[in-house]
Amino acid sequence: MSSDAEKEFIEKARSPFSEAFEMFRKNHAAVAGLVVLIFIVLAGIFGPYVYPGDPFEMVWAPFSPPGDEGYFLGTDYLGRDLASMLIHGARVSIAIGLSAAFLTVFIGITIGALAGFYRGWVEEVLMRITEFFQVLPTLLFSMVIVALFGATLPMITLAIGLVSWPAVARITRSEFLRIRELEYVMAARACGVSNGKLIFKVILPNALPPIIVQAALMVGSAILFEAGLSFLGLTDPNIVSWGQIIGSNREYILDASYTVTVPGLAIFVTVLAISLVGDGLNDALNPKLRQR
Amino acid sequence: MKFLFPIAQRIFYAIALLIAVLVLNFSMLHLAPGDIADTIAQASGGADAEVIEQIRKDYGLDQPFYIQLLKYIGNVLAFDLGHSFFYNQPVTDLILEKLPATLLLVITAQILALIVGVLLGVFSARNPNGLASYVVTFLALFGYAAPVFWTGILLLIAFSLKIPLFPVAGMIDVTVEGGFFARAADIALHLVLPVITLASIFLALYSRLCRASMLEVLGSDYVRTAKAKGLAEREVVFKHALKNALSPVVTLAGLQFSAVVSGAVLVETVFSWPGLGTLALQSIIARDTPTILGILFFSAFVVIVGNLLTDLVLRLIDPRVGSKA
């Protein structure tokens with residue numbers, strides 16, 4: 001090999017990160033999803049400064065159609081500004097989506113990693129617990145938790161986390177089962193690396209790609225989940241959220257269908273954007289699965 | 001014997017799971033603030049401490065936790081899920097009364113989702129650039145991202161308010177008179193929108209999985225052999241390939257019992273369908289704890305039995321399932 005070719009070879013070899021980024025950028029749908037998502041997050045963060053004040057306040061005649069008197073999304077059955085409610089609701093939906101997904105991934109990784117790493121009776125017990133949580137109908141179980149222990153945002157987040165972690169635990173476990181048998185793990189073990197370090201520093205970083213993809217999708221399902229709960233009225237009545245706008249306005253679809261269609265569209269677009277980004281991450285991070 | 005032993009094991013395990021659900025149920029009831037005595041006292045317009053103490057004694061609430069738990073498990077084994085103070089009826093009766101409506105909705109929706117999903121999957125696998133493929137891709141995105149209650153309301157706005165084809169709510173129109181067929185037609189008309197809404201969640205899953213497994217099977221050797229024998233394309237696809245491609249779809253469908261229950265709660269609420277989901281929401285709003293926990297236990301029971309049956313069916317249609325484990 002001449003030195004020129006060698007140089008070229010080294011230049012072409014890129015870090016795995018930039019390679020993943022390149023793959024992600026090639027997926028136009030995923031990039032579009034990311035742009036939409038960034039816009040929604042910015043709206044959630046800065047929107048309330050554009051629309052200061054209480055979104056629950058009555059500002060104009062009820063059922064004013066979009067565009068009336070400068071309220072560009074109109075007003076709902078109590079004369080509240082729909083645009084303001086939507087913007088304030090974005091914050092709640094995204095916050096709950098993120099924190100519930102974080103909780104889900106945290107529980108899932110802990111259980112899955114312990115089960116996949118230690119095997120034997122630890123795996124047996126933990127996977128039985130996982131299966132136990134899978135037979136409880138998710139929405140019904142979280143409805144019961146919220147009903148019995150109070151409809152506060154932390155309790156809703158906890159309820160969503162408690163019912164959604166089994167999927168993450170299963171993926172983590174199967175990745176750990178695969179990776180723990182690989183040679184570099186055995187080498188680390190032979191060098192006397194402690195179990196804690198093996199789990200968190202040797203195996204976990206290599207198990208992360210599919211978990212990251214799952215986590216991204218979890219944010220989407222957590223948002224849908226919260227929307228479902230608040231649609232049913234099982235939410236903090238003093239906090240506006242997208243599902244809650246739909247739930248409280250659904251009696252009036254004959255008079256003002258936009259009070260239901262528009263917030264639903266917000267949920268749909270957000271979750272769709274997240275799932276497109278998730279697909280893009282999947283392509284970028286799991287190159288072996290690309291053919292599927 | 002080799003066939004029976006794992007089944008016995010599964011059944012034993014299912015019973016253990018059921019008891020675990022009961023323990024969880026009872027512990028949640030115990031941990032939640034306020035107990036049945038408080039609820040009764042509240043419902044009867046307040047009571048002094050002495051009366052509440054008496055109610056606690058009457059219901060055995062003064063006994064230690066494990067004795068109450070054992071009694072509860074014993075009661076459930078005798079099909080007694082407790083008494084609803086809100087409806088003033090045994091919870092078992094309440095559930096059995098609402099069950100048929102939910103079963104009708106759920107089973108029809110699953111059958112629709114399976115048939116349409118499998119057909120879409122097959123056609124899109126045969127022709128990856130055809131119309132069916134675009135429908136599958138669209139359904140996959142929409143089915144995941146659209147909140148099911150929103151889908152329901154959109155259908156409601158479109159097909160019973162703007163174009164009044166279907167009734168807005170409920171299951172039976174009491175003004176309809178006539179014999180069995182007139183009533184059945186009336187229920188069927190009420191059923192259309194809720195079924196489409198509920199099926200939309202699962203249609204996406206089934207069509208995508210069916211396409212993937214069909215593509216895999218169509219590339220296998222025995223399908224090529226069947227084609228080489230000169231069999232007609234349609235016969236190869238529907239008789240030879242589909243049989244094997246269905247196995248993962250059946251597995252997935254069998255794992256959806258829990259999602260079906262969750263979806264039914266939302267769909268029933270949107271369309272005021274008088275089933276278990278509506279009952280669950282009403283009893284939660286009324287703080288009717290025995291009914292809520294009864295429904296939770298019953299749904300877990302259905303999921304566990306459903307998973308067990310799926311396992312059995314798979315063992316019967318695909319002998320490889322049992323031998324692998």
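The model is predicted: local features need pLDDT of at least 70, side-chain atom pairs count only at pLDDT 80 or more, and totals for chains, interfaces and linings use all residues. Residues are numbered from 1 along each chain as its sequence is written, and side-chain values use heavy atoms, with hydrogens and water left out.

Helix 8 (residues 183-190) of chain A packs against helix 9 of chain A at an angle of about 170°, and their axes are 11 Å apart. Helices here are DSSP runs (H or I, at least four residues) numbered from the N terminus; axes are lines fitted to C-alpha atoms over the stretch in contact, with angles from 0 to 180 degrees between N-to-C directions. The two helices are therefore roughly antiparallel (over 145 degrees). Helix 8 of chain A contributes A:Tyr184, A:Val185, A:Ala188 and A:Arg189 to the contact, and helix 9 of chain A contributes A:Leu198, A:Val202, A:Ile203 and A:Asn206.

Between helix 9 (195-231) and helix 10 (242-249) of chain A runs the loop that holds A:Asp236. A:Asp236 counts as buried because its relative accessibility is 17% (buried means under 20% relative accessible area, with a 1.4 Å probe and protein chains only). Apart from neighbours within four places in sequence, A:Asp236 is in contact (heavy atoms within 4.5 Å) with A:Ala151 and A:Ile156.

In chain B, 12 of the 14 residues of helix 11 are buried, so this helix is largely enclosed by the rest of the structure. Among the buried residues are B:Ser258, B:Gly263 and B:Glu268. Just after helix 11 of chain B, B:Ser272 takes a positive phi of about 45°.

How values were computed:
Chains are lettered from A and ligands numbered from 1 in the order in which they are written. Buried means under 20% relative accessible area, exposed over 50%, partly exposed in between (1.4 Å probe, protein chains only). Angles under 35 degrees count as roughly parallel, over 145 as roughly antiparallel, 65 to 115 as roughly perpendicular and the rest as oblique.
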